[in-house]
2 protein chains.
Amino acid sequence: MSQDPLRLARPAVPPAYTIAAVDRAIALLELLADHPHAGVTQLAKLAGSTKSQVFRLLHTLERRRFVRKDNAQRSYALGLGALLLGERARLHTDLIRLAQGHLDALADATRENIYLTIRDGLSAVCVDMRHSPQPLRLYAEVGRAAPLHVGGGPKLLLAFAPDEVIEAVLKRPLTRFTNRTEVSAASLRRALAAIRQAGANESHGDLDSDAFSFAAPVRDLGGGVIAALSIAGPNSRLTQAAATRYRALVASHASALSRELGAPPVVTPPGAPIQLATATRAKGRRS
Amino acid sequence: MSQDPLRLARPAVPPAYTIAAVDRAIALLELLADHPHAGVTQLAKLAGSTKSQVFRLLHTLERRRFVRKDNAQRSYALGLGALLLGERARLHTDLIRLAQGHLDALADATRENIYLTIRDGLSAVCVDMRHSPQPLRLYAEVGRAAPLHVGGGPKLLLAFAPDEVIEAVLKRPLTRFTNRTEVSAASLRRALAAIRQAGANESHGDLDSDAFSFAAPVRDLGGGVIAALSIAGPNSRLTQAAATRYRALVASHASALSRELGAPPVVTPPGAPIQLATATRAKGRRS
DNA sequence: AGAGTTCGATGCGGACGACGCAACAGCGTT
DNA sequence: AACGCTGTTGCGTCGTCCGCATCGAACTCT
């Protein structure tokens with residue numbers, strides 16, 4: 001945040017009750033996540049805080065194993081406690097827990113990278129994945145925020161996001177990754193409509209020029225799209241037959257997972273007698 | 001200073017400079033990890049605190065996505081923030097980051113469960129694993145604390161732990177899991193000495209009566225054992241040939257990982273005769 | 001090797017933010 | 001409809017955290 005000349009010590013607004021020290025601690029943790037092996041002084045500067053505060057926060061977090069002093073006591077990194085808590089959080093989330101079997105099955109059936117992606121605000125976040133056993137170097141990292149306008153899973157999530165999210169994304173400049181990246185707001189809008197109508201998405205080289213991605217939506221009890229399941233790999237390994245197979249596989253597993261999550265049976269008839277694409281009055285469904 | 005009113009949740013050591021609110025927040029997170037989908041009142045009771053404190057902590061944590069209100073706003077669970085932080089923590093840890101390739105390679109070569117386990121105090125904790133693609137139901141969960149006196153990896157960690165840890169473990173009653181669980185302190189001591197001498201460990205049916213486990217030590221720069229790499233599966237799938245292969249495989253990958261972590265080349269136990277020397281040639285070649 | 005310049009760690013008092021109490025508001029049940 | 005339970009909020013007081021300043025120590029530069 002930028003500096004506020006007058007620290008609003010007079011909370012005129014309803015002071016949504018948050019505990020400042022805890023908030024600072026979490027901010028510090030996330031700061032540390034982005035700056036591994038930073039020291040007290042560096043973190044204090046980055047956080048716009050004082051050394052003593054940062055030091056005491058780190059000390060507290062260290063006793064709980066959330067951070068860990070590295071080697072010669074000169075730098076800090078996230079610790080075991082954070083890691084373990086993350087694993088526990090994974091077990092608390094039905095989506096991820098129930099997805100395990102499908103991720104494994106897809107990985108086994110395709111031998112390509114498998115992603116489970118959700119939307120977090122204006123970003124896409126991969127919450128679980130399976131690595132391909134074959135040699136390839138695709139961007140692949142659980143937990144890193146990615147833009148919503150490129151890639152099989154992210155673009156699918158954007159297509160089913162509330163209107164205000166779509167507008168917010170379109171308002172900001174769309175970064176170009178390859179020459180096939182969709183950077184025009186108008187045509188991206190058309191692409192999103194097509195995705196909604198198809199109930200699936202596939203992208204070819206819009207994020208990595210040599211990568212494909214087949215994505216299908218995962219829905220929860222309310223029928224809203226809460227995640228995207230996707231198969232990704234290098235184009236060099238993509239045959240026509242494989243593409244057909246991947247389309248069917250990812251759709252099948254995504255709808256099976258949706259069913260396990262309690263989603264209403266099947267929304268779009270596979271014969272498509274009537275296609276009311278955007279006519280479904282599914283307004284903004286908050287996540 | 002030495003006022004000691006009987007406070008349930010007062011583990012704080014007097015002189016250490018810790019921020020109480022942050023400490024409470026972390027305690028609450030770990031409490032919530034053990035009691036998924038608990039409410040405010042229940043958590044307050046469990047923490048020995050008041051409703052308002054717990055509520056405000058939860059509110060603060062929720063704004064940061066560390067906890068998440070479930071369905072009808074009546075229960076809380078760990079949220080996305082905790083999960084993502086855990087993933088970041090994973091990237092901060094050399095051991096886990098460098099182990100990925102070896103875990104994948106072992107999983108591919110054996111098609112059994114692969115574990116990377118460390119010691120945390122008087123418990124063993126699995127920090128990463130690969131699931132076998134074959135059907136079997138072994139205990140398998142990242143992040144859950146396990147006893148040190150049973151299982152291939154844990155017992156290996158105990159063998160190389162400081163004496164005070166061994167003594168502390170032996171002092172407490174050793175829970176019996178199967179009829180092959182080692183519960184006598186004297187014979188466990190002998191077993192640990194044998195493990196140290198062999199520089200490896202394998203366990204058969206001491207935790208699960210139908211499970212085997214081959215474990216090898218991972219060392220860091222100082223030459224100390226910091227983790228155990230292990231292959232585990234059901235005895236029904238273990239042939240004589242597989243056992244020989246697993247012994248060599250796990251030892252090879254553990255020593256390769258140790259080398260990547262900067263461990264001194266080959267550690268020969270001082271004054272110990274050469275045990276079964278598995279040929280260290282032909283290391284797993286990966287990209 | 002010595003001194004300078006960082007860094008991390010610590011004491012202290014004052015100020016402000018968090019805590020506990022108790023009342024309020026939804027919701028399911030009796 | 002009233003009750004009991006839940007989560008939520010107001011408010012004053014007190015205890016806790018924060019900032020400043022200092023110390024100790026490690027690395028570096030000449």
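**Close-ups of a predicted two-chain model**

Phe214(B) and Tyr246(B) are both buried, meaning under 20% relative accessible area, with exposed being over 50% and partly exposed in between, for a 1.4 Å probe on protein chains only. This is a predicted model, where local features need pLDDT of at least 70, side-chain atom pairs count only at pLDDT 80 or more, and totals for chains, interfaces and linings use all residues. Residues are numbered from 1 along each chain as its sequence is written, chains are lettered from A and ligands numbered from 1 in the order written, and side-chain values use heavy atoms, leaving out hydrogens and water.

**View 1. Aromatic rings in chain B.** Rings of Phe, Tyr and Trp (its six-membered ring) pair if their centres lie within 6.5 Å; planes under 30 degrees apart are stacked, over 60 edge-to-face, and the rest tilted. Over all chains there are six such pairs. Phe212(B) and Phe214(B) make a tilted one, 5.6 Å centre to centre with 55 degrees between the planes, and both are buried. Phe214(B) also pairs edge-to-face with Tyr246(B), at 6.0 Å and 70 degrees. Phe214(B) sits in strand 7 (residues 211-219) of chain B and Tyr246(B) in helix 9 (residues 240-260) of chain B, so this pair ties together parts 32 residues apart in sequence. Helices (H or I, at least four residues) and strands (E, at least two) are DSSP runs, numbered from the N terminus.

**View 2. The sheet of chain A.** Here six strands make an open, antiparallel sheet in the order 5-4-3-8-7-6; two strands pair if DSSP finds at least two bridges between them. Strand 5 (145-146) and strand 6 (201-204) of chain A are the edges, each pairing on one side only. Strand 7 (residues 211-219) and strand 8 (residues 225-234) of chain A share nine bridges, and Ala211(A) stands opposite Pro234(A).

**View 3. Helix 2 of chain A.** Which residues of helix 2 (residues 40-47) of chain A are buried? They are Val40(A), Leu43(A) and Ala44(A). Down the axis of helix 2 of chain A, these fall within an arc of 100 degrees, so they line one face of the helix; the arc is that of the directions from the helix axis to the C-beta atoms. Gly48(A) follows helix 2 of chain A, with a positive phi near 65 degrees.
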